[in-house]
There are 2 protein chains.
Amino acid sequence: MEIAELGEFGLIRHLTDDIEIKNPETLKGVGDDCAVLAFGDDKRVLVTTDLLMEGVHFDLQYTPLRHLGYKSAIVNLSDIYAMNGRPRQMTVSLALSKRFCVEDLEAFYDGLRMACDAHGCDIVGGDTTSSLTGLAISITCIGDVAKDKAVFRNGAKDTDLICVTGDLGAAYMGLQLLEREKGVYNAQIREARQRGEDLSALPPFEPDFSGREYLLERQLKPEARKDIIEALDKAGIVPTAMMDISDGLSSELHHICQQSHAGCRIYEERLPLDYQTAAMAEELNLNVTTCALNGGEDYELLFTVPLTMHDSVSAIPGVKVIGHITKPELGLQLVCRDGAEMELKAQGWNPLKMENRE
Amino acid sequence: MEIAELGEFGLIRHLTDDIEIKNPETLKGVGDDCAVLAFGDDKRVLVTTDLLMEGVHFDLQYTPLRHLGYKSAIVNLSDIYAMNGRPRQMTVSLALSKRFCVEDLEAFYDGLRMACDAHGCDIVGGDTTSSLTGLAISITCIGDVAKDKAVFRNGAKDTDLICVTGDLGAAYMGLQLLEREKGVYNAQIREARQRGEDLSALPPFEPDFSGREYLLERQLKPEARKDIIEALDKAGIVPTAMMDISDGLSSELHHICQQSHAGCRIYEERLPLDYQTAAMAEELNLNVTTCALNGGEDYELLFTVPLTMHDSVSAIPGVKVIGHITKPELGLQLVCRDGAEMELKAQGWNPLKMENRE
């Protein structure tokens, strides 16, 4: 179905009509100038926003729109958890180029709603407009947290333990894999064209992802660590500092150390890696530690807790202690497997770096 | 200065470092995963968002970045006032193509901050990333309103008076004027090229805006009607329904009537018009009433009040009663100057209409 048939308001109604409100704080969702929310005196409201651009943040050649919707929600939900909060509401703005049809948007919203449902988050508004070029997605997520439970980046103290959840580097490896297969596919098409063959007669392209499904899932369908926030709460642990790992562990450690006026020491042998990540790194001749430190898009949590909590935090499934906070003058150090120490550089993905700004 | 020199975090710091927090509810702004806000039990939180795309919503050939920043803020602030609220916080996301330099963004933020300062709104976060093509601007504004003072679109009742603020159609006329002068300029360049002339030797282009300054200002530097919200409050008036006029009066009346299950009758002779709007319409051979009804981008307020409030609402400077609400079966009617009645069609600007989706 052509989007123009529905028009802007028709499209919004079509996509949001059957959205059920899940939170009592959501008094009014889609359909007025603003969404209307209620929060009590003992709560803090959290707001985060992300702008995702086609060709920069995602490649529609290998990203199904359902996955894109899911991931777009997750990256914002993850920021709310990173404050020790719970997501409550989300606004979703899309700028669409002509090539999208209503079914495409339904797929996007399906994924988006699947993520929101899993995390108890209401879609309360947004903006749908056109784009002369690629797809732009802007999402704002609102959450809440008890007055005294919000966790910032600036509270890490000397001797605090540094913890990460899940494993690192897999999403980055998934991206490398997708890019490799895209290259193979595009080369096949190019060669067929040069030979003057009928492209529609080519056998369907079958990308080689066997044994690498976990990496693909980490790239295309990441998760936000609601489970960890719940487990920390249950264990009575409020981290001293926390953030989510979107640009890469190394970059995030720099943020926490800078804002906490601290240094850190982490241990290479303690970095959590999945077997597929290590195998793929070897296949691509990449250093797996570099990938784990700088790959990004993990959407795991990085947090610090007082040393005294070692046992209780270690008992939470999926949490790994990778090092500790030090005095600021000691800098940010990585202790390698051979015992050598090297300075941690923040080489996380920077969308404004020269080479990325094509 | 090249943006790449600063990097993403450097750029954000550069643009937001000296932002002073104005609202006690803003506990934490830029610099963490989320902004952190506090709202009391007796308040409602309002959230609105807009996504503005280069080539669709603005043309950088004639829109100075300072004005674009100002207007980007205003369109969101206006939505908060449209709920009878006060703006408190704003997040600002930008996707930038390579051609922008740091000074461009400073100009954008100057305009943005000028608007936020005038309306007591804190900039609390955002996202700055790159775009392969044009500039994308996504703004989310958060406001609050006393529990029992929020005004929706669905409260208009039979016999309520329909009021609009300011005057209508001027922003649309300003756009026509800018487009006309852009056409003249582009034609001069084209002709000079055809004659093989040195373009840099051409005399500077002087667009003809004389006597039309008000129209330009309405298009490039619109205002949000904080003053009206304050005046209504002072007069003890809570409208029964309200929204801001962004897509055109006609389109907005359809929203209010649809959501309030009502009809309306408005009077052509009572539509507020500026002299320059009328003169420009005549010059361009356009029907000025059509422009006032469907032009859009006025960012004035449209609201309804009970009939008994006629005198108190008429006494507010800048407010004009243009008609009244009727039973739904009477439809939406425009009473023309000659007494004839015609149905009001919503022809407001639709960014997803076929002809706009190039």
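Here are some questions and answers about this predicted model.

Visitor: Is A:Leu11 buried or exposed?
Guide: Let's start by placing A:Leu11, which lies in helix 1 (residues 3-16) of chain A. Buried means under 20% relative accessible area. Because its relative accessibility is 0%, A:Leu11 counts as buried.

Visitor: How far apart are the C-alpha atoms of A:Leu11 and A:Leu105?
Guide: Along the chain, A:Leu11 and A:Leu105 are 94 residues apart.

Visitor: Which residue stands opposite A:Ala95 in strand 5 of chain A?
Guide: Good one to look for in the picture! Strand 4 (residues 86-96) and strand 5 of chain A run parallel, joined by eight bridges. Together with helix 3 (residues 102-118), these strands of chain A make a right-handed β-α-β unit. In strand 5, the residue opposite A:Ala95 is A:Thr129.

Visitor: How many residues of strand 5 of chain A are buried?
Guide: Strand 5 of chain A spans residues 122-130, nine residues in total. The strand is mostly covered, and the number buried is eight.

Visitor: How much area do chain B and chain A bury between them?
Guide: The contact involves 77 residues of chain B and 78 residues of chain A. Of the area buried, 56% is on carbon and sulfur atoms. The total for chain B and chain A is about 6,400 Å².

Visitor: Which strand gives the most to the side of chain B that touches chain A?
Guide: Between chain B and chain A there are zero salt bridges, and ten residue pairs are in polar contact. On the chain B side, the top contributor gives ten residues, and that is strand 3 (residues 43-53) of chain B.

Conventions:
Residues numbered from 1 in each chain as written. Chains lettered and ligands numbered in written order. Predicted model: local features only at pLDDT ≥ 70, side-chain atom pairs only at ≥ 80, totals over all residues. Heavy atoms only, no water. Buried < 20%, exposed > 50% of the residue type's maximum accessible area, 1.4 Å probe, protein only. Helix = DSSP H or I, 4+ residues; strand = E, 2+ residues; numbered from the N terminus. Pairing = 2+ DSSP bridges. Right-handed = clockwise from strand over helix to strand, strands pointing away. Contact = heavy atoms within 4.5 Å. Buried area = accessible area lost by both parts, 1.4 Å probe. Salt bridge = Lys/Arg side-chain N within 4 Å of Asp/Glu carboxyl O. Polar contact = N/O pair within 3.5 Å; in protein donor to acceptor, adjacent residues only side chain to side chain.
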